[in-house]
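Open the structure in your viewer and keep the selection panel handy. We will go from one stop to the next, and at each one you will hear what to select and what is there.

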Amino acid sequence: MGAESWLQRVDAARGFSLSHPPDWRVQRGASALLLSIAAPQETEGFRSNLNVVRRVRDRSCDVDGLAQIAVREATRFLTDLVIIDIEPGVVAGMSSRRLLFAYRQGIFSLTTEQWVSLADDHAWIISAGASSSIYDSVADVFAAVVASLRVEDRHG
C-alpha cells in the first residue's frame, strides 16, 4: 500500500501534521506526547510504533546537544543499548539528527530510530521502534511517516 492512500492527521492547535498507514492505530497524546501510532499487528509480542513528542526548547542546546542528551537518556533507561548510527538530516525543514539503536526491553530485542529536531521554540522528538527481527521491513514506513511531518506553528 502506497503512501498516497495514507491518512493525514492535522493538529492545528499543537502545530503539526503527518500521514500514516490507514490500518495503524492512532492515539492522541497528552502533554509533550502529541501522537502515538502503532502497527495493526504484533510481531513476537511487540507492536511496532511511532511517537511524536514536542518539548519547550532549551536555548542553550543545539541539535547535536539534543542528540547527546537523547543518547545519555537511552543509556540510562535501556538494557544492552548499542548505538548503531547517528547522522545529520532534516525533518520538516528543521536541522535534525537521526539516531539508530538496538536494545532489550524485557524479553524483546528492539531497534529504534529517533529523530531529534529543533524549531524556533520547541524540540521535536520522533521515536519509531520495532522488533529487531522485522525492523528492516518497517523502516521505510517509519521514514515515510517522518518525511510527511509538517510543523505549521513553530512559536505556539
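## First stop: helix α1

Contact here means heavy atoms within 4.5 Å. Buried means under 20% relative accessible area, exposed over 50%, and partly exposed in between, with a 1.4 Å probe and protein chains only. Helices (H or I, at least four residues) and strands (E, at least two) are DSSP runs, numbered from the N terminus.

Before going further, note that this is a predicted model, in which local features need pLDDT of at least 70 and side-chain atom pairs count only at pLDDT 80 or more, while totals for chains, interfaces and linings use all residues. Residues are numbered from 1 along each chain as its sequence is written, and side-chain values use heavy atoms, with hydrogens and water left out.

Which residues of α1 are buried? Color Val 63, Gly 65, Leu 66, Ala 67, Ala 70, Val 71 and Ala 74 to see them. An α-helix has 3.6 residues a turn, so residues three or four places apart point the same way. Helix α1 covers residues 63-77, and its 15 residues reach 21 Å from first C-alpha to last, close to the 21 Å expected at 1.5 Å a residue. That expected span is 1.5 Å times one less than the number of residues.

Now zoom in on the start of α1, where a side-chain oxygen of Asp 62 comes to within 3.2 Å of the backbone nitrogen of Asp 64.

Select residues 122-131, which form β9; 10 of its 10 residues are buried. Two strands pair if DSSP finds at least two bridges between them.

- Show β5 (residues 46-56): β5 and β9 pair in the antiparallel sense over 8 bridges. Leu 50 stands opposite Ala 128 in β9.
- Show β8: β8 and β9 are antiparallel too, over 9 bridges. Val 116 has Ile 125 in β9 as its bridge partner.
- Follow the chain from β8 to β9 and you pass a hairpin with 3 residues between the strands.

Is Glu 113 buried or exposed? At 2% relative accessibility, Glu 113 counts as buried.

Not counting residues up to four places away in sequence, Glu 113 touches residues including Leu 99, Ile 126, Ala 128, Tyr 135, Ala 139 and Phe 142.

Tyr 135, Ala 139 and Phe 142 lead you on to α2, as they are among its buried residues, along with Val 138, Val 145, Val 146 and Ser 148. The 14 residues of α2 (residues 135-148) should span 20 Å at 1.5 Å a residue, and the end C-alpha atoms are 20 Å apart, which agrees.

Most residues other than glycine have a negative phi, and most peptide bonds are trans. Select Glu 44, where phi is near 55°, a positive value. Glu 44 sits in the loop between β4 (33-43) and β5, and these strands form a hairpin with 2 residues between them. Glu 44 is exposed, with a relative accessible area of 57%. While you are here, show the 7 bridges that join the antiparallel strands β4 and β5; Ser 36 has Asn 51 in β5 as its bridge partner.

Next, pick Ala 92, whose phi is also positive, near 50°. Ala 92 lies in the loop between β6 and β7, and at 18% relative accessibility counts as buried.

## Last stop: the whole chain

Zoom out. The secondary structure of the protein chain comes to 2 helices and 10 strands, in the order β-β-β-β-β-α-β-β-β-β-α-β. Buried residues make up 47% of its 156 residues.

Methods. A polar contact is a pair of N or O atoms within 3.5 Å; within protein, one must be able to donate a hydrogen and the other to accept it, and residues adjacent in sequence count only if both atoms are side-chain atoms.
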